[in-house]
Amino acid sequence: MPIQKLGYNNPSSPGNIGIPNDQGEFTYYPDYSSALIAAKNGDTIVQFANIVEYNDVTLILKNGVNINLNGFTYEAKSTVGYFYASSAVTCRIFNGTIKSTVGVGVRVNNASATVTLNCIVNANIQVDTGTIIGGIVTGTATLTTGTRSE
């Protein structure tokens with residue numbers, strides 16, 4: 001499937017992350033942490049530019065909230081910088097690249113969590129408990145009691 005980039009309806013907005021409402025109008029956020037706090041079940045967070053994170057950040061995934069990388073790359077250059085399923089979530093990250101120069105890009109640590117990756121992960125993934133499905137992973141997959149399926 002070719003990469004599809006959604007339009008950035010408000011280029012003067014102060015955020016590279018957005019959540020569309022039912023009419024397709026976006027509310028913009030300065031970072032993933034802010035967008036994930038605002039997102040609710042059924043929302044899709046959309047990225048509108050390549051993002052490089054230099055600060056330590058753990059991006060807590062929410063149940064029913066998907067992430068559309070929109071053909072862009074999210075890169076963590078910090079000591080800690082990854083998408084994290086720490087509760088019973090089912091979500092999908094798709095259409096782009098997750099990159100980490102320091103280690104883990106996606107981590108799952110809940111037996112009832114399932115994260116589907118329809119994206120490239122140029123980083124390690126870590127599954128303590130729970131499940132990661134899919135993804136083109138170029139790093140190491142560390143599985144404690146969790147599972148990963150293609």
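**Sulfurs, rings and the whole chain**

Guide: Searching the whole structure turns up 0 disulfides, a disulfide being a pair of cysteine sulfur atoms within 2.5 Å. Bear in mind that this is a predicted model, where local features need pLDDT of at least 70, side-chain atom pairs count only at pLDDT 80 or more, and totals for chains, interfaces and linings use all residues. Numbering starts from 1 along each chain as its sequence is written, and side-chain values use heavy atoms, with hydrogens and water left out.

Cys91 is in no disulfide, and its nearest cysteine sulfur, in Cys119, is 11 Å away. Seen from the other end, the sulfur of Cys119 has its closest cysteine sulfur in Cys91, and 11 Å is too far for a bond. Cys91 is buried at 3% relative accessibility, and Cys119 is buried at 6%. Buried here means under 20% relative accessible area, exposed over 50% and partly exposed in between, with a 1.4 Å probe and protein chains only. On that scale, buried residues are 45% of the chain's 150.

Now the rings. Rings of Phe, Tyr and Trp (its six-membered ring) pair if their centres lie within 6.5 Å; planes under 30 degrees apart are stacked, over 60 edge-to-face, and the rest tilted. That rule gives 7 aromatic pairs. One of them joins Phe26 and Phe48, whose centres are 5.0 Å apart with planes at 80°, so the pair is edge-to-face. Phe26 sits in strand E2 (residues 26–29) and Phe48 in the loop between strand E3 (44–47) and strand E4 (51–53), so the pair ties together parts 22 residues apart in sequence.

From the N terminus, the order is β-β-α-β-β-β-β-β-β-β-β-β. The chain's radius of gyration is 14 Å, close to the 15 Å from the globule rule for 150 residues, so it is as compact as a globular protein of that length. That radius is taken over C-alpha atoms, and the rule is 2.2 Å times the number of residues to the power 0.38. Along its principal axes, the C-alpha trace spans about 45 × 30 × 30 Å.

Methods:
Helices (H or I, at least four residues) and strands (E, at least two) are DSSP runs, numbered from the N terminus.
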